[in-house]
There are 2 protein chains.
Amino acid sequence: MAAQLPPAATAPAAGGTGPGLRERKKQRTRAALIEAAHRLFLSQGFAQTTVDEIASAVDVSQRTFFRYFANKDEVALAVLAIAEDYFIDRLRRRPAEENPLQAMRAAIVESWRDLGAEHRTGPGSVTSALELLQIIEDTPTLLAAHLRRAAEQERVVARLIAAREGLDPAEDLRPTVIAAVFGSVLRAAHLSWNADQEESGPEGMIALIGRYFDQLGPALAGDWRHPA
Amino acid sequence: MAAQLPPAATAPAAGGTGPGLRERKKQRTRAALIEAAHRLFLSQGFAQTTVDEIASAVDVSQRTFFRYFANKDEVALAVLAIAEDYFIDRLRRRPAEENPLQAMRAAIVESWRDLGAEHRTGPGSVTSALELLQIIEDTPTLLAAHLRRAAEQERVVARLIAAREGLDPAEDLRPTVIAAVFGSVLRAAHLSWNADQEESGPEGMIALIGRYFDQLGPALAGDWRHPA
DNA sequence: GAAGATTATGTCAGTGACTGCCATTCGGCA
DNA sequence: TGCCGAATGGCAGTCACTGACATAATCTTC
């Protein structure tokens, strides 16, 4: 859930006393570790990259690496955590009139757009996240860890939706189900985006998500025996 | 996907030449490993049990353990694999007239019932599977591995449903979505069964699954702003 | 039923993820 | 400047997992 990236690698704001040197240094180290890990994973693969390599690329000890990340998986998934936080934030801001699916769809589009604008490049950029998704998808242990995070995320989304609609998620299954449906649409989009390299880049992904969303109406209600 | 348990620990059938001694021995070792692991996990916890302990409980070398299971997770999840195979098998046999949800619901009930009848006790029994679920739920690495398997399973179910309905899963999202909904209902039931210890044992679980299923109609279509 | 081909098992050495412990150093602050 | 708490490094140790090779058990064939 915690997805920090240094606000900006600049000196403390002249006016208010921002976070101290110690804190800025930590954020910088953390970002550097993520960046190095990402680069190494992409060039050599996840399994072929040792924690020692990552640590020494940033010139810290292995022990320090494990003070920032509980395990090797976490540093890989950290990039995605940023995108997830964006999404949750955008979803929170959607107007109450929208129904859950509308809100989620809008939030996804917005979060990708804003993410693209604010993190053009480097770890945290949309491109990075998508590159990572490829690696995740064919690294069993990473995929497992990713799905666990995704399950957590779904529960957060379900609670959010329940709150929007004024429902108790313990009583009413609908928020849970709709969150699961949404999650599965995202995953299906990821998978087919990974498979077809026709639709490359963020635009392709957004297009795919849109197309899958369009199928949702017919999927959730309707006569199954005849084409939508 | 491979969920074997020895057909019966008896001598080869008098008539036809069944599997040879070598094969029977392997199945016995495999079952013994699962059983020992299960017992140890329940009594000491997953993390506190080393592979060496499991192996020496069955009197084989650690190396041999890893020839049967790719990793420690796998031996824990093996019990669930049996239940999953049962479900898939029952789903395959459901009559074509039923709609997907009806078929899945019936298949789940049948598979639990049959599982209970055929494996009263020991690994592979319903009780074992449910005990395991508790451990899985609060062991992060196991939960992750479990969710990965569940995702695979969902894809299998989606393909099955697509075949039943004569649809192409690449074209039509509905099978994927309905499989995801089903998976999420199961998981929600697991979670609340884990939380409330009121509903204990297999019957409680079946009851919970039924209750969740009943909510599905209203959840999948209908006016969200008013109670079902 | 014995020789020879297969296959399961054991042993051993090695790598790499991860942890606890203690000494050292560095940033925050009086 | 000097003290305190936090961040780091180094190290030893555990444990999951793997490759290589030798041994022993089954299976086959004559």
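Colleague: Helices (H or I, at least four residues) and strands (E, at least two) are DSSP runs here, numbered from the N terminus, so in what order do the elements of chain A run?

Modeller: From the N terminus on, they go α-α-α-α-α-α-α-α-α. Chain A counts nine helices and zero strands. Keep in mind that this is a predicted model, where local features need pLDDT of at least 70, side-chain atom pairs count only at pLDDT 80 or more, and totals for chains, interfaces and linings use all residues. Residues are numbered from 1 along each chain as its sequence is written, while chains are lettered from A and ligands numbered from 1 in the order in which they are written.

Colleague: Thanks! Into which domains is chain A divided?

Modeller: There are two: domain 1 (17-69) and domain 2 (72-220), with bounds from an automatic or database domain assignment. Their centres, taken over C-alpha atoms, are 26 Å apart.

Colleague: And how many residues are in contact between those domains?

Modeller: Twelve residues of domain 1 of chain A meet 14 residues of domain 2 of chain A, where contact means that the C-beta atoms, placed from the backbone, lie within 7 Å. On the domain 1 side, α1(A) gives the most, with eight residues. That side divides into ten nonpolar, one polar and one charged. For those classes, Ala, Val, Leu, Ile, Met, Phe, Trp, Tyr, Cys and Pro count as nonpolar, Asp, Glu, Lys and Arg as charged, and the others, Gly among them, as polar.

Colleague: Switching topic: how can chain B be laid on chain A?

Modeller: A turn of 180 degrees with a shift of 0.0 Å along the axis does it, at an RMSD of 0.0 Å. That is the relation of a two-fold axis. B:Ala144 is the residue of chain B that comes closest to the rotation axis, at 2.3 Å (C-alpha).

Colleague: How many residues does the contact between the two chains take?

Modeller: It takes 24 residues from chain B and 25 residues from chain A. In chain B, α7 (140-165), α8 (174-195) and α9 (201-220) each supply at least two residues, and α7(B) has the largest share, eight residues. The chain B side holds 17 nonpolar, four polar and three charged residues.

Colleague: Where does UniProt put the "DNA-binding region" in chain A?

Modeller: The unreviewed UniProt entry puts it at residues 50-69; such annotations may be inferred rather than shown by experiment. In the model, residues 50-69 of chain A are 75% helix and 0% strand, with the end C-alpha atoms 14 Å apart.

Conventions. Copies are superposed by least squares on the C-alpha atoms of residues with pLDDT of at least 70 in both.
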